[in-house]
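Take a look at how two chains meet.

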Amino acid sequence: MLHRRIYQFVIVYFLGLTFLFLIKYVLNLSDYVIPSPQEIWHTACRVFARYLLDVMDTVSVAIIGHILSICLATIVGIIGRLTTWVGSFIKVAAYNIQAYPIVAVAPIIFILLGDGLSSRLLIAAMICYFPLLLSFIGILSEPVGHIEHFYDVTERMSWQLQVKIRAFENMNKLTTVIVGSATLAIVGTIVAEFIAASAGIGYSIRIALYQSDLAKILIALFLIGIFTSLYLTCLEWLGYLTRKRWDRN
Amino acid sequence: MIANPKNIILACIAASILAAFSSGGCGKKADKGLEEVTYRLKWLFNISVVGDLYTDVHGIFAYRGLRVTIKEGGPERDAIKELELDHAQFGVASADQVIRALSKGAPVVVIAQLFQANPLQWIYRPEKTRIEGPEDLKGKTIGITYGGNDETIMRALLSKYKIMNNEIRFFSVRYDYTPFYEGEVDLWPIYQNAEGVVIGEKLHKAGEQVSFFNPDKFGIPFVSNSVITTERMLKERPGTIRDFISALLQGWREALDPANKEKAVATIHRFDRDTPIKIIRKQLAATRMLMKPSPEIEIGRIDVEAWKQTERIMLEQKLIPGPVSVEKILGGVHRFRDHRSEIRSRRSEVGDQKSEIRSQKSEVRNQKSDLRPLISDLYSFN
């Protein structure tokens, strides 16, 4: 699973790179517009170690933010599954807040919380939280009639059991949503770092952009891609283990 | 056929349609007469581009036969890349951008230097932070944009005055000035003529004074915004460059002329609605000082020594892998002036030749007139 994801990413990355080189040599563009393969290689030798640490920093913040938003989405999803006023209010609020672009909200967060870890974490969580929440509410408020009916009739149904049944029956959907939102968490963290933080790969990309250094940006993209693939594979593997364990039980 | 009233009406309609089209056509023709070029600025529309906008709005480009599309810049915009991709024919870039691009083989040429003094300076509160010279920077928190040219300037200054990194604190700067307002940062990098006036005004209202720390005064003359084009344009469309730069510099001269102050202010206010007119007036005065610091300095002049110094700074800080001999691409006003004087000398040469021909002609005429009596004598003899 891991090696497939990695080599698929590498193929996509190098196809993109080839396309860039094609444009460069067909249009006879200088290294300032599109760097040459040698320049990318030299830049990689120079910045690889530093960027590796930056990406690890970013991914660690993204993972924490992702876990926080999964926990929060689960709690709110459980409350929101109720067909009451609270449930519908949460849904509407989630849709509305999701409509705001993070680049408009992020500066306010940075003014209030500074450009440290907390702001990056909050933005990462915010970006992946709302899609997660909407899916969780959808999944947890959808009754699994043929199973729940039995417990309802025998009056053994509790809210914990209801959540378990609905989560178990929709495990594939939940895994897909969590894996999908993981990329959003990484993107959110990078965007936050790009806008205002002073650490992480988003911050390094911003500096490279100021220096008009596309080679550095390409190296950063490569590392982001590799680490995103690793994280997604880990999540898929966790989903697979959970399903297996529940099947056994 | 024509006598038929129906045909007359139809003919009238057709004629009026033709007339309408032809008048429209005339307009287009006039429009087509203008050469279209795109000009990518370095930053958003504000006082730093007053001359550029003035030239366009007051028809100076059109007078020179150009229709110029002026595009706003921004942190993600890079005029040099756009020139190379032919998305623009002229642009504004800072010296560090140009030198970086040169080191990577970009075919860029500088045709005028806009700011003669770098507007990028550091604002501070003199009552709280006393700064007489670079030595006073020790122990202070200095805002810099990592990767930006303010970082390069500040590091060059610190290196020149042998101030170690552990003797000062750097603060990563963004567009939000809160850390400066709150006093968390002592010196904050700004464009003195634009944000400098706005922040100064705000702090003045709060009863605080502001001063500007200018590295140029301490031997770091880092060149700022310049007008650029490509080598291809220089080879293929030298006339367009000459018309463009003549118009642009005329526009800048007019915009900065105190006699046209209100016209210039109105031009900027048309594009920058958020800045009050009172502030724009102050910004214009500050811009005038940076564009023309003394009467003998001509607008658009390229300070070759400052460019060389900028290259040296970038080399010292290893921002470029090797020397680029930046002076070779500094075409500038003087290049076009040379070109013109060449044309002028050629013209005078042609003029001399013409007058020589004229004198020869008159000599021939004189000879003819000398011959005439002889001929008439000859006829009379016959």
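How many residues of chain A are in contact with chain B, and how many of chain B with chain A? The answer is 23 residues of chain A and 22 residues of chain B. Keep in mind that this is a predicted model.

Start with the area. The size of an interface is often given as the accessible area lost when the parts come together. Here chain A and chain B bury about 1,900 Å² between them. Carbon and sulfur atoms give 55% of that area. On the side of chain A, the residues that lose the most area to chain B are A:Tyr32, A:Tyr210 and A:Gln211. Together they account for 36% of what that side buries.

Now the polar side of the interface. Six residue pairs are in polar contact across the interface of chain A and chain B, counting pairs with both residues at pLDDT 80 or more. In chain A, helix H8 (171-195) and helix H9 (201-210) each supply at least two residues of the side that touches chain B. The largest share, five residues, comes from H9(A). By class, that side of chain A has 13 nonpolar, five polar and five charged residues.

Next come the charges. Side chains of opposite charge can pair when their charged atoms come close. The structure holds 23 salt bridges over all chains. Between chain A and chain B the count is two. Which residues does B:Lys104 pair with? One partner is A:Glu39, with the closest N and O atoms 3.3 Å apart. That pair runs from the loop between H5 and strand S4 (108-113) of chain B, where B:Lys104 sits, to helix H2 of chain A, which holds A:Glu39. B:Lys104 also forms a salt bridge with A:Asp213, and there the closest N and O atoms are 3.8 Å apart.

Finish with empty space. Rolling a probe the size of a water molecule over the atoms shows where such space is left. The second largest pocket holds about 700 Å³. It is lined by 27 residues, and those closest to its centre are A:Arg46, A:Gln211, A:Lys216, B:Lys318 and B:Leu319.

Which elements build the lining? Two or more residues each come from helix H2 (37-80) and H9 of chain A, and from helix H5 (95-103) and helix H6 (149-160) of chain B. H2(A) gives the most, with seven residues. The lining has seven nonpolar, nine polar and 11 charged residues.

Conventions: Residues numbered from 1 in each chain as written. Chains lettered and ligands numbered in written order. Predicted model: local features only at pLDDT ≥ 70, side-chain atom pairs only at ≥ 80, totals over all residues. Heavy atoms only, no water. Contact = heavy atoms within 4.5 Å. Buried area = accessible area lost by both parts, 1.4 Å probe. Salt bridge = Lys/Arg side-chain N within 4 Å of Asp/Glu carboxyl O. Polar contact = N/O pair within 3.5 Å; in protein donor to acceptor, adjacent residues only side chain to side chain. Helix = DSSP H or I, 4+ residues; strand = E, 2+ residues; numbered from the N terminus. Nonpolar A, V, L, I, M, F, W, Y, C, P; charged D, E, K, R; others polar. 1 Å grid on protein atoms, 1.4 Å probe; cavity = no way out; pocket = protein on both sides within 12 Å on 5 of 7 lines; lining within 4 Å. Points joined across faces, edges and corners; volume = space filled by probe spheres on them.
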